[in-house]
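Biologist: Hi! Could you walk me through this one?
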Amino acid sequence: MGFFDGYNIASSGMSAQRTRINVVSANIANAKTTHSTDGGPYKKQNVVFQEMLLSENEKLKANDSQDKQSALPSKNLSGVGIKQIVEAKDKPVMKFEPDHPDANADGYVAYPNINPVIEMVDLIEAMRSYEANVSAFTTTKTIDTKTLELLR
């Protein structure tokens, strides 16, 4: 494990959670949007995470620098990233509002199937995950600072 690996992993986690916070915030902001650029109601979006692994060249460098007698296998994890942002396949919620400008011929308006309470829980979870990554970053910094003080 390299000197900056803890920082890189925590930073990638913060970046991924920041993206999640932005997507969830957009879902909350558009919970009542009945007309989007696609012509229908806003479609809820979800973030899909993926683990980030070192490239083959970085793996070779890491293996060369590691102790040759170490028998522990390494996954060479370098953090977390965003695989993709996907649109939910939920059907819109139809509400009878004949006076609404986006009402269909029967007087129904298509609203996004977004529950603000569920979105707020997702937002709180993303914020807590972000805070946990900040804490991991700070802890790594403290450990490294103390190590450098001992080496003086």
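Modeller: Happy to! Helices (H or I, at least four residues) and strands (E, at least two) are DSSP runs, numbered from the N terminus. This is a predicted model, where local features need pLDDT of at least 70, side-chain atom pairs count only at pLDDT 80 or more, and totals for chains, interfaces and linings use all residues. Residues are numbered from 1 along each chain as its sequence is written, and side-chain values use heavy atoms, leaving out hydrogens and water.

Biologist: How many helices and strands does the protein have?
Modeller: There are 3 helices and 4 strands, and from the N terminus they run α-β-α-β-β-β-α.

Biologist: Which element has the lowest mean pLDDT?
Modeller: That is helix α2 (residues 56-65), at 52, while strand β3 (residues 93-96) has the highest, 96. pLDDT is the predictor's confidence in each residue, from 0 to 100. Where it is low, the predicted coordinates should not be read in detail.

Biologist: And what does the protein average?
Modeller: Its average pLDDT is 87, and 85% of the residues score at least 70.

Biologist: Where does Leu151 lie, and is it buried or exposed?
Modeller: Leu151 lies in helix α3 (residues 116-151), and it is exposed, with a relative accessible area of 65%.

Methods:
Buried means under 20% relative accessible area, exposed over 50%, partly exposed in between (1.4 Å probe, protein chains only).
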